[in-house]
Structures are given as C-alpha cells and as structure tokens.
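Me: I would like to learn how to read a model feature by feature. Can we go through one together?

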Amino acid sequence: MDALNALVALANFVLIPAMAYGSQLALGALGVTLIYGILRFSNFAHGDTMAIGTMITILVTWGLQALGVSLSPLPTALLAIPFGIAGTALLVLGTDRLIYRFYREQKAKPVILVIVSMGVMFIYNGLTRFVIGPNDQDFDDGTRFLISARDFKAMTGLDEGLALKSTQAITVVTAVIVVALLFWFLNRTRTGKSMRAYSDNEDLALLSGINPERVVTVTWIIVSALAVVAGTLYGLDKSFKPFTYFQLLLPIFASAIVGGLGSPLGAIAGGFIIAFSEVGITYAWKKVATYLLPEALEPSGLVQLMSTDYKFAVSFVILIIVLLFRPTGLFKGKSV
C-alpha cells in the first residue's frame, strides 16, 4: 500500500502537473521554432503575444458570460479562443507589415530583428497591462475537478488522494489535437510544404515560384493560434497575470533550444523535458520518500533540491548546458 500511496503522491504533484505544463510549453515552443525556422529570427515578443492573445480571449469570455453564454461543464474561454486567435493574428500581421517587413526587405541581420522584437515585446506588455491591469485574472468557470482527492480516497481506500483538474485534462487533450493538426498541415497541404521548402532553402523556394509574403502571412497566423491556445491553457490551469507570460519566455526558449530550434518535433520534446525538470527539481520529495523508505531512514527535511521560487533557474541551467555542449539541440535543429 505504501508503494501505491507513493505512486499516487508522485502522480498528483509531479507527473500530472508536469504533463499539463509540458503541453503548454510545447505549444509555446512550437511558435518560437516556427518563427526561427521560417522567418529566421528569435521572436522575443512571443511570451507577450501569448499574454495579449489570452487577454483578448478573457475579454470575449467575460462578454459571453454577460450574455449568459456558457459551455458548462467546460470553461467558456474555449468558445472565446477563436476570437482571441483572430484578434491576435490581426495584431501580429499589422506588426509585421509596419515593422518586421522593413527589416526583411533590408536583409537585416537576425540580431537586428531580435532587438526589434524586444521593442515589440515591451509595447505588447504595456498594452496588455494598460487594458486588463497587472493583477491576476481568474476566468475558469467550468467544473474544477474531474477527480477530487476525497473521492479518490473513498474509491481506493488509499491514504493519498489523486486530484485531476479539468483544466489539466483539457490542456493535454487540446495540445494533442493542435499538434496533430499542425503536423498534418505542414506535411500534407501545399501551403505547409511551401513553408517547409522556404525554411530549408529560401532562394530555391523563390525560384520554384513560392510566394514569400504568403508564407510569412500563414506563419504569423499559425504562430498566433499557437500563442493564444498555449496562453489560454496556461491561464486556465493557473491564472492570468501579464508579467507571468514575460517570465515564461525563458522556459519556452529553453524548450525550443533543447529540442533543436527549427524542429517542431524537438520543440515538443523540449517542452516536456523542461517541464518535468522544473517540477521534479522543485518538488519536495519528503512525502514520497516517507512512503518508500523504512521508518529509520525517513527524512526530516523536505528533500527539495530547489525552492519553487527558483524554478526558472532550472530552465536557465539546462539552456546553458545545451548551448555549451549541443547547440543544435536533441533533434539537430539549426545552430544557435
């Protein structure tokens, strides 16, 4: 029984949260790696694109709730995501036309575009906080738990209870669907194949008659969709706070680089590697150890390698190690 209790505790506090968090990071990293692979620069505004897209989704959610529209037992925000994607796509396409296009035409070096994206990041961040404010916004109005700890204890007779939040299940299922659609689009459609060709060899793609502006437009629309879905799922699972999405930029970039920049499959793998590393290293393992070890060896401390306040340091350390020893990432993406 102690082994089962330890397994439940591990699932409750490490496996399930890391799976949901990894899904969110994977979707965010996919957006980063698409921009890097196709438009050839690191988009530092991606975290705040997630924030502003989630903000639009929240505002539409509040409007739907005011009209009495509900998706119960699912969160109403799921109905608002298409509006968030449309609004974000218009914003980033406008930003591309007003700002990024000029630097593309000038054949500016990637580092210039990185600096420009940092300016866009600050503008997006300020706009988000100006519209919705800097505080936490809770917009999950659906059923909170699919399985509660109390019900699980009653069903199994175990001392440990397993709690599965509905938002965690929604996150994983939605991520699987979105990733499947993205891979289908990139591998099976003519536009997706054009994007891959443009990414592999821009000059040859242009000689083949591929319209570069169409590729750029479709790329930004897909990135907007990924950003809004990832940001909304993160906000539903935790809560929405604009500055949090700025902080998420580090683990998202770490995920993309660990997997291999420019590799969609690598972005997914990197997201889960970073998520499980952050959650596992900052989790206090005392409860699991108490179940598994003899009473004489039970730990007196928390058995916590690092405080949760420093979880982003885990991403930073992993990022540095990968950049030093394998800059192309696990799936041999483009060198950083």
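The dialogue below goes from overall shape to single residues.

Me: What kind of model is this, and which residues count for local features?

Reply: This is a predicted model: local features need pLDDT of at least 70, side-chain atom pairs count only at pLDDT 80 or more, and totals for chains, interfaces and linings use all residues. Residues are numbered from 1 along each chain as its sequence is written, and side-chain values use heavy atoms, with hydrogens and water left out.

Me: How many helices and strands are in the chain?

Reply: Helices (H or I, at least four residues) and strands (E, at least two) are DSSP runs, numbered from the N terminus. The chain has 14 helices and 2 strands.

Me: How is burial read, and what percentage of the residues count as buried?

Reply: Buried means under 20% relative accessible area, exposed over 50%, and partly exposed in between (1.4 Å probe, protein chains only). Of the 336 residues, 49% count as buried.

Me: Which residues touch the most other members of the largest nonpolar core?

Reply: The general idea comes first. In soluble globular proteins, nonpolar side chains tend to be buried together. A nonpolar core is a set of buried Ala, Val, Leu, Ile, Met, Phe, Trp, Tyr and Cys residues joined through side-chain atoms within 4.5 Å. Here the largest core has 83 residues, and Leu27 and Trp220 touch the most other members. Helix H1 (residues 2-39) gives the most to this core, with 16 residues. There is also a second, separate core of 6 residues, including Ile16, Phe152, Leu158 and Leu162.

Me: What is Leu27 in contact with, leaving aside neighbours within four places in sequence?

Reply: Contact means heavy atoms within 4.5 Å. By that rule Leu27 meets Ala175, Val178, Val179, Leu226, Val229, Ala230 and Leu233. On the scale of the chain, take contacts with a separation of 6 or more: residues 24 or more positions apart account for 75% of them.

Me: Is Thr88 buried or exposed?

Reply: Thr88 is buried, with a relative accessible area of 0%. Its place is in helix H3 (residues 77-105). Not counting residues up to four places away in sequence, Thr88 touches Thr49, Gly53, Ile56, Ser224 and Val228.

Me: How many aromatic pairs are found in the whole structure?

Reply: A pair of aromatic rings is described by the distance of the centres and the angle of the planes. Rings of Phe, Tyr and Trp (its six-membered ring) pair if their centres lie within 6.5 Å; planes under 30 degrees apart count as stacked, over 60 as edge-to-face and the rest as tilted. The search finds 9 pairs. Phe13 and Tyr283 are stacked, with 6.0 Å centre to centre and 15 degrees between the planes. Phe13 is in helix H1 and Tyr283 in the loop between helix H12 (264-282) and helix H13 (286-292), 270 residues apart. Phe13 is partly exposed at 37%, while Tyr283 is buried at 12% relative accessibility. Phe13, Tyr283 and Trp285 form one aromatic cluster.

Me: How are the planes of Phe44 and Phe253 set?

Reply: Their planes are at 45 degrees and their centres 5.2 Å apart, so the pair is tilted. Phe44 lies in the loop between H1 and helix H2 (46-66), and Phe253 in helix H11 (residues 249-259), so the pair ties together parts 209 residues apart in sequence.

Me: Which residue lies over the face of Tyr21?

Reply: A charge sits over a ring if NZ of Lys or CZ of Arg is within 6 Å of the ring centre and within 35 degrees of the ring normal. Lys311 lies over the face of Tyr21, at 5.2 Å from the ring centre.

Me: Where is the cis peptide bond?

Reply: Ser72 and Pro73 are joined by a cis peptide bond, with omega about 10 degrees. Pro73 is in the loop between H2 and H3.

Me: What is the phi of Arg40?

Reply: Arg40 has a positive phi of about 65 degrees, although it is not a glycine. Arg40 lies in the loop between H1 and H2.
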